[in-house]
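We will go stop by stop, selecting as we go.

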Amino acid sequence: MQSKTEEMAQYKYSHYLENSSDPRFDPAFPPGTEAPHSGIYKCQGCGTEVVSDAGEPLPPQSHHQHSLNQGRIAWRLVVGTA
Ligand SMILES: [Zn+2]
């Protein structure tokens with residue numbers, strides 16, 4: 001059985017990260033959408049993580065393949081960078 005932590009962003013020192021209820025963490029964007037914020041984005045279908053800068057396009061449809069039950073690629077901000 002695959003360990004859950006292999007699919008999640010990791011950190012060692014919690015004082016570098018701060019929990020936030022900011023709405024910028026809520027939407028999931030289609031491939032190629034201009035990233036509204038800089039940070040780590042996670043594909044909601046398969047868990048793939050990427051780093052994107054604000055104003056740059058999120059990875060395109062061709063970035064990785066999904067099985068049918070993983071649905072569409074959708075990028076969601078999981079860690080915002082300052
Ligand atoms: Zn994916």
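## First stop: Gly 47

Select Gly 47 and show its surroundings: beyond its neighbours within four places in sequence, Gly 47 is in contact with Glu 7 and Lys 42. Contact here means heavy atoms within 4.5 Å. Gly 47 sits in the loop between β2 and β3. Strands (E, at least two residues) and helices (H or I, at least four) are DSSP runs, numbered from the N terminus. Gly 47 counts as buried because its relative accessible area is 18%. The cut-offs are these: buried is under 20% relative accessible area, exposed is over 50%, and partly exposed lies in between (1.4 Å probe, protein chains only).

A note on what you are viewing. This is a predicted model, in which local features need pLDDT of at least 70 and side-chain atom pairs count only at pLDDT 80 or more, while totals for chains, interfaces and linings use all residues. Residues are numbered from 1 along each chain as its sequence is written, and side-chain values use heavy atoms, with hydrogens and water left out.

## Second stop: Lys 42

Move to Lys 42, in strand β2 (residues 39-43). Is Lys 42 buried or exposed? It counts as buried, because its relative accessibility is 16%. Leave out residues up to four places away in sequence, and Lys 42 touches Glu 7, Met 8, Gly 47, Thr 48, Glu 49, Ala 74, Trp 75, Arg 76 and Val 78.

Select the zinc ion. Which residues are its protein donors? They are Cys 43 (SG), Cys 46 (SG), His 64 (NE2) and His 66 (NE2), at 1.9 to 2.3 Å from the ion. Donors are N, O and S atoms within 2.8 Å of the metal (3.2 Å for Na, K and Ca); water is not among the atoms, so sites may look incomplete. The angles among the four donor atoms run from 99 to 118°, and the site is tetrahedral. In the sequence panel, the donor residues follow the spacing C-x2-C-x17-H-x1-H. Click both histidines: His 64 and His 66 are buried.

Go to Val 51, in strand β3 (residues 49-52). Val 51 counts as exposed because its relative accessibility is 69%. Setting aside residues up to four places away in sequence, Val 51 touches Gly 39 and Ile 40. Check Tyr 41 too: ten residues from Val 51 along the chain, its C-alpha is 6.1 Å from that of Val 51.

Select Pro 36, in the loop between β1 (28-29) and β2. Pro 36 is partly exposed, because its relative accessibility is 39%. Show Phe 29, Tyr 41 and Ala 54: Pro 36 touches these, not counting residues up to four places away in sequence.

## Last stop: the whole chain

Zoom out. The protein chain has zero helices and four strands. Its C-alpha trace spans about 40 × 35 × 20 Å along the principal axes. Of the 82 residues, 22% are buried. Among contacts between residues at least 6 apart in sequence, 56% join residues at least 24 apart.

How values were computed: Tetrahedral: all angles 85-135°; square planar, octahedral: opposite > 155°, others 65-115°.
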